[in-house]
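Hi,

Here is the two-chain model I promised to pass on. Could you open it alongside this email and follow along as you read?

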Amino acid sequence: MKQEQLSPFQLTCLIGNFIFTGVIISVPQILMEISKQNTWIVIMFTYVLTTTVIYIICRKPAKLEKLKSIFYFDKRPWFKNVFISVLFMYLLFIYIRDFRIFNSFIDGILLPDTPFDIIALLTTLTLIYISLTGIEVIARVTVIHFITISIVVILLPFFLLNEIQLANLLPFGGLHSGAEILKSTYIFFPWMTEAIVIVFLFVFLHPISHLKKAGIIGISCGFILLFILIFLNITVLGVAIASEATYPNIKLIQQINLTDFLDRLDLVIEVVWIPTMLCKLSLLLFTLNRLFNTFRRKDSDFDIVPLALLLSLTIRLFKNNIDAIEYSFFTWPTKGLLLELIIVTLFLMLKRGKSHKSKGNGQKIS
Amino acid sequence: MQILLILIICLLIYFIKIRKLLLKDKQEKRWYLLLSALCILLAIVLMLELPLYVVTSFLNHTLGEITKQVIKI
């Protein structure tokens, strides 16, 4: 593997962008349909759970340092191969899902007259161009765009100040609110635990001792931005509208009405969001290509073009937009949860095994 | 048909661009051709309007139903 390095700040932005940018498309709708005005509590509850998972993965950096060779091209035991296969499948499913949702959004909102396949192909060509440059460039591009979208989201409450109605947050709690929050968490948790992409990214981080800090700060950034959006969805749109709209955040930014002439800021904000989604997809494509290279024990980027073009055709794996939305709302939570559970378990076992092995070796030498 | 043609053009242009490098490494060339063939095959399958979506529909009816049951509880 080429000696590419990421700084802790770049890793923070990569993780923050990874968990934030895909979720904001349509997930808030299902969350608000289930847990209504209490959805903001779901964000905080899920934050605790996700942080715990990442904390468990990232603790003891000395052990992780020894695990850095996991994606090398040399011969591996079957156990490592299983881990890499499951990780590949997991990231592939995320790519297929996000690629479809992203293109559906562009097709439905921005370019309704352009053929769907052509939008997918143009997106793929852009992704190939970014992915071919390597993880360092992807990280630099992500940093710029993630900071920009963060600033925009932080400014949103000020833009929407005249539309906020705090009464929409009431009634607080309720008879079934506990169950509703748990149900929403079941759907939301697998989306946010996508932060376990860190089990691939940690090999690039230098110094590795900052991994836990970078991971947790990245997750915190993503959650804070999501909290702001969910809070605004509830207070500005109200539960009735937000739980019916396919793209509630688009409805939200369409409410910005600062003066008589600044009432179409939504397009500007969408233009800021699209590159962040491209950054996430290009990171996924890069990761898939690297894992594919690990399987075939070749370090080259020649196959990224046919691989990406092959993946671009997966948009047709969904019959229509409703099928794609149903997949991301209902199929993904269970599927993602299962895969995440397997990945985390295998990674922890690998980490434990590696440290035991090295302990044994140490005793032999002494 | 349109998408198949575009894919072939893209793969061909890239092949011409990297042909010298691919000729040096036979294994690499084999992988490139294999993936390209898979890509074209999938495009033909889509052109013939074969129902590839049954895969995700099946997942929606199995794993999706589990989530729906969890939400109903």
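A definition before the tour: a crossing of two helices is left-handed if the near helix is turned anticlockwise from the far one by less than a right angle, and right-handed if it is turned clockwise. Please also keep in mind that this is a predicted model.

Is A:Glu270 buried or exposed? A:Glu270 is buried, because its relative accessible area is 4% and anything under 20% counts as buried. Beyond its neighbours within four places in sequence, A:Glu270 is in contact with A:Phe105, A:Ile109, A:Leu110, A:Ile250 and A:Ile253.

Next, have a look at helix α2 of chain A, residues 27-35. Eight of its nine residues are buried, so this helix is largely enclosed by the rest of the structure. The buried ones are A:Val27, A:Pro28, A:Gln29, A:Ile30, A:Leu31, A:Met32, A:Ile34 and A:Ser35. Just after α2(A) comes A:Lys36, which takes a positive phi of about 50° although it is not a glycine. A:Lys36 sits in the loop between α2 and α3 of chain A, and with a relative accessibility of 34% it counts as partly exposed.

B:Glu49 lies in the loop between α2 and α3 of chain B and counts as exposed, at 69% relative accessibility.

There is also a cis peptide bond to look at, and it joins A:His206 and A:Pro207, with omega about 0°. A:Pro207 is in the loop between α9 and α10 of chain A. In helix α9 itself (residues 198-201) you'll find A:Ile198, which counts as buried at 1% relative accessibility. A:Ile198 and A:Ile57 are 141 residues apart in sequence, yet their C-alpha atoms are 8.7 Å apart in space. Besides A:Ile57, the residues that A:Ile198 touches include A:Leu11, A:Ile15, A:Ile54, A:Cys58, A:Leu211 and A:Gly215, again leaving out residues up to four places away in sequence.

Now for the interface. Chain B and chain A bury about 3,400 Å² between them, and 74% of that is on carbon and sulfur atoms. On the chain B side, B:Leu35, B:Asn60 and B:Ile71 supply 17% of the area buried against chain A, more than any other three residues. In total, 37 residues from chain B and 35 residues from chain A take part in the contact.

- Helix α6 (residues 116-131) of chain A packs with helix α1 (residues 2-24) of chain B at an angle of about 20°, with the axes 10 Å apart. The two are therefore roughly parallel, and the crossing is right-handed. A:Asp117, A:Ile118, A:Leu121 and A:Leu125 make the contact from α6(A), with B:Gln2, B:Ile3, B:Ile6, B:Leu7 and B:Cys10 from α1(B). Seven of these residues are nonpolar, one is polar and one is charged.
- The axes of α14(A) and helix α2 (residues 26-47) of chain B come within 9 Å and cross at roughly 20°. That makes this pair roughly parallel as well, but here the crossing is left-handed. A:Pro306, A:Leu307, A:Leu309 and A:Leu310 meet B:Tyr32, B:Leu35, B:Ser36, B:Leu38, B:Cys39 and B:Leu42. The contact has nine nonpolar residues, one polar and no charged.

Last stop: A:Lys298, in the loop between α13 and α14 of chain A. Which residues does A:Lys298 contact, setting aside its neighbours within four places in sequence? They are A:Phe73 and A:Asn293, plus B:Asp25, B:Gln27 and B:Glu28 from chain B. A:Lys298 is buried, with a relative accessible area of 17%.

Cheers

Definitions and conventions: Residues are numbered from 1 along each chain as its sequence is written. Chains are lettered from A and ligands numbered from 1 in the order in which they are written. This is a predicted model: local features need pLDDT of at least 70, side-chain atom pairs count only at pLDDT 80 or more; totals for chains, interfaces and linings use all residues. Side-chain values use heavy atoms; hydrogens and water are left out. Buried means under 20% relative accessible area, exposed over 50%, partly exposed in between (1.4 Å probe, protein chains only). Contact means heavy atoms within 4.5 Å. Buried area is the accessible area (1.4 Å probe) that two parts lose on being put together, summed over both. Helices (H or I, at least four residues) and strands (E, at least two) are DSSP runs, numbered from the N terminus. Axes are lines fitted to C-alpha atoms, for helices over the stretch in contact, and angles run from 0 to 180 degrees between N-to-C directions. Angles under 35 degrees count as roughly parallel, over 145 as roughly antiparallel, 65 to 115 as roughly perpendicular and the rest as oblique. Ala, Val, Leu, Ile, Met, Phe, Trp, Tyr, Cys and Pro count as nonpolar, Asp, Glu, Lys and Arg as charged, and the others, Gly among them, as polar.
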